[in-house]
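Subject: Structure for your review

Hello,

I am handing over the structure below.

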Amino acid sequence: MAKLLIVDDEENIREVVREYAEFSGFDVEEAGDGREAVSLCRINDYDLIIMDIMMPKLDGFSACKEIKKEKDVPVIMMSARAEEYDKLFGFELGIDDYVTKPFSPKELMARVNAVLNRTKAAAKDDLPEILTFGGLTIDAAGRSVSVDGKKIELTPKEYD
């Protein structure tokens, strides 16, 4: 059973998404803001995160950036912000999909399943865990790169 983290400051939205996700067979945890989401991701592993952008304490973009530094978890952003700029910025951060509010919970669950299916297919690649080319080392599982033993900070897009 896949484990989802739903992050939104609006309790009603979290509740609706939770109900549909649990009905679809997912194990669900919730966070009310970006800071809580980052904290939960440090101690738990999730198969996918559904996150709002506009939240108190830490917005969804910043939370996504922090989470992606440590874990390679698929993210679907939800937002009332439908501007192209916001969508493009999210994709540059490494999100997997973007849903604008108001949204259909059924469509959201279809998107969750599609992202999880892509993620599972990508995980089946036969690449070795660690690749070494001279002084360059790539840790595929940890999505980290080092040169001559020094870790290089890369965005998810740069790593890909």
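This is a predicted model: local features need pLDDT of at least 70, side-chain atom pairs count only at pLDDT 80 or more; totals for chains, interfaces and linings use all residues.

Residues are numbered from 1 along each chain as its sequence is written, and side-chain values use heavy atoms, with hydrogens and water left out.

Whole chain

The chain has six helices and nine strands; helices (H or I, at least four residues) and strands (E, at least two) are DSSP runs, numbered from the N terminus. Its radius of gyration is 16 Å, close to the 15 Å from the globule rule for 160 residues, so the chain is as compact as a globular protein of that length. That radius is taken over C-alpha atoms, and the rule is 2.2 Å times the number of residues to the power 0.38. The C-alpha trace spans about 55 × 30 × 30 Å along its principal axes.

Of the 160 residues, 39% are buried. Buried means under 20% relative accessible area, exposed over 50%, and partly exposed in between (1.4 Å probe, protein chains only). The accessible surface of the chain is about 9300 Å², and carbon and sulfur atoms account for 51% of it. Areas come from the Shrake-Rupley method with a 1.4 Å probe; for residues, only the protein chains shown count as cover. Among contacts (heavy atoms within 4.5 Å) between residues at least 6 apart in sequence, 54% join residues at least 24 apart.

Strands

Strand E4 covers residues 75-79, and five of its five residues are buried. Val75, Met77 and Ser79 lie on one side, Ile76 and Met78 on the other, and both faces are covered. E4 runs parallel to E3, with four bridges joining them; two strands pair if DSSP finds at least two bridges between them. In this pairing Ile49 is opposite Val75.

Strands E6 (residues 130-133) and E7 (residues 136-139) are antiparallel and also joined by four bridges. Leu131 stands opposite Ile138. The hairpin of E6 and E7 has two residues between the strands, and Gly134 there takes a positive phi near 60°.

Ser146 belongs to strand E8 (residues 144-147) and is buried at 17% relative accessibility. Beyond its neighbours within four places in sequence, Ser146 is in contact with Gly135, Leu136, Thr137, Lys151 and Ile152.

A loop residue

Asn44 sits in the loop between helix H2 (34-43) and strand E3 (48-52). With 19% relative accessibility, Asn44 counts as buried. Not counting residues up to four places away in sequence, Asn44 touches Lys3, Glu29 and Lys71. Lys3 is 41 residues from Asn44 along the chain, and their C-alpha atoms are separated by 9.8 Å. The Asn44 side chain also makes a polar contact with the side chain of Tyr46, at 3.2 Å. A polar contact is a pair of N or O atoms within 3.5 Å; within protein, one must be able to donate a hydrogen and the other to accept it, and residues adjacent in sequence count only if both atoms are side-chain atoms.

Cysteines

The structure holds zero disulfides, a disulfide being a pair of cysteine sulfur atoms within 2.5 Å. Cys41 is buried, at 4% relative accessible area, and Cys64 is buried at 0%.

Regards
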